[in-house]
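Subject: Structure for your review

Hello,

Here is the structure we talked about. Please look it over; my notes follow below.

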Amino acid sequence: MATAAPSAASRIAVVTGASSGIGAATARQLARAGYRVVLTARRKDRIEALAEELNTAGHSAAAYQLDVTDRAAVDEFASAFRTIGVLVNNAGGALGADPVASGDPADWRTMYETNVIGTLNVTQALLPRLEASGDGVVVVVSSTAGHGTYEGGAGYVAAKHGAHVLAETLRLEIVGKPVRVVEIAPGMVKTEEFALTRFGGDADRASKVYEGVAEPLTADDVAETIAWAVTRPSHVNVDLLVLRPRAQASNTKVHRES
């Protein structure tokens, strides 16, 4: 199915957490779809390299170093725009896989701050600009963790449940305004950093997450889904799209080849 080209009023797309993984892949997909992408992340060198890559390829991209948990910095960033068409709230991540009885409260707090408060900060700051475009889209990249629990994941699950509820509630609150709210909830996605970050750089432990799984999702799989949802006609809202690899039936049921 052909995608709709962004209108002139809505051609700017802001992607948070664009330094790697799903965020970087989404920026590439939206640039190819005709958006001028604004890449944000804490790692300035990464997003500047990606912006250079996209501009060299004939697209339009700009990099802006940003910590989404810093509200003053987010507000300053938002002040640079009069209108934007798309906001992809992708910044987030998981830390640890300890049970509730021994989970680190600092890890829980960090996950909540990044996945929920960070999404809240950027959404609040840019919502007036999205509405001003006349055809805005807010995307929240949550997770299947936001829709089902699993042992050892309570901190991340709680944070992603928060992101899910934020998206669902926002959609109710702004109905009638020219802004769509889309939630994309990926299951098992193999990227270069997600599991490695979760397990504090332990490569062996990180690799076991995907052990025996023939084809986990890739960052490009998720990015293509985000771009598809964003480029539907403006009267079509993809409320919630859950995607998993074929080998994953649920958060706790995964086929692993021997």
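Lys177 and Glu131 form a salt bridge, with the closest N and O atoms 4.0 Å apart; a salt bridge here is a side-chain nitrogen of Lys or Arg within 4 Å of a carboxyl oxygen of Asp or Glu. The two residues sit in distant parts of the chain, 46 residues apart: Lys177 in the loop between α5 (154-173) and β6, and Glu131 in helix α4 (residues 105-133). Helices (H or I, at least four residues) and strands (E, at least two) are DSSP runs, numbered from the N terminus. Lys177 is partly exposed at 43% relative accessibility, and Glu131 is partly exposed at 32%. The classes are buried for under 20% relative accessible area, exposed for over 50%, and partly exposed in between, with a 1.4 Å probe and protein chains only.

This is a predicted model, in which local features need pLDDT of at least 70 and side-chain atom pairs count only at pLDDT 80 or more, while totals for chains, interfaces and linings use all residues. Residues are numbered from 1 along each chain as its sequence is written, and side-chain values use heavy atoms, with hydrogens and water left out.

Other salt bridges

The search of the whole structure gives seven salt bridges. Arg46 is in one of them with Glu193, where the closest N and O atoms are 3.4 Å apart. Arg46 belongs to helix α2 and Glu193 to the loop between β6 (179-186) and α6 (194-198), so this pair ties together parts that are 147 residues apart in sequence. Arg46 counts as partly exposed, at 33% relative accessibility. Arg43, Arg46 and Glu193 are linked in a network of salt bridges.

Helix α2 also holds Lys44 and Glu48, which are four residues apart and therefore separated by about one helical turn. Their side chains meet in a salt bridge of 3.9 Å, N to O. Lys44 is partly exposed, with a relative accessible area of 42%, and Glu48 is partly exposed as well, at 39%.

How many of the six residues of strand β2 are buried? Five are, so β2 (residues 36-41) is mostly covered. Strand β1 (residues 12-15) pairs with β2 in the parallel sense over four bridges; two strands pair if DSSP finds at least two bridges between them. Val14 has Val38 in β2 as its bridge partner. Strand β3 (residues 60-65) also pairs with β2 in the parallel sense, over six bridges, and the bridge partner of Val37 in β3 is Ala61.

Two β-α-β units involve β2. One is made by β1, helix α1 (residues 21-32) and β2, and is right-handed. The other is made by β2, helix α2 (residues 44-56) and β3, and is right-handed too. Right-handed means that, with the strands pointing away from the viewer, the path from the first strand over the helix to the second runs clockwise.

Aromatic pairs

Three aromatic pairs turn up in the whole structure. One of them is Phe77 with Phe81, edge-to-face, at 5.2 Å centre to centre and 70° between the planes. Rings of Phe, Tyr and Trp (its six-membered ring) pair if their centres lie within 6.5 Å; planes under 30 degrees apart count as stacked, over 60 as edge-to-face and the rest as tilted. Phe77 is buried at 1% relative accessible area, and Phe81 is buried at 13%. Tyr64, Phe77 and Phe81 form one aromatic cluster.

Thr231

Thr231 lies in the loop between α8 (219-230) and β7 (240-243). Is Thr231 buried or exposed? Thr231 is buried, with a relative accessible area of 1%. The side chains of Thr231 and Arg232 are joined by a polar contact of 3.4 Å. A polar contact is a pair of N or O atoms within 3.5 Å; within protein, one must be able to donate a hydrogen and the other to accept it, and residues adjacent in sequence count only if both atoms are side-chain atoms.

Whole chain

The protein chain has eight helices and nine strands. Its radius of gyration is 18 Å, close to the 18 Å that the globule rule gives for 258 residues, so the chain is as compact as a globular protein of that length. The radius is taken over C-alpha atoms, and the rule is 2.2 Å times the number of residues to the power 0.38. Along the principal axes, the C-alpha atoms fill a box of roughly 50 × 35 × 35 Å. Of the 258 residues, 48% are buried.

Regards
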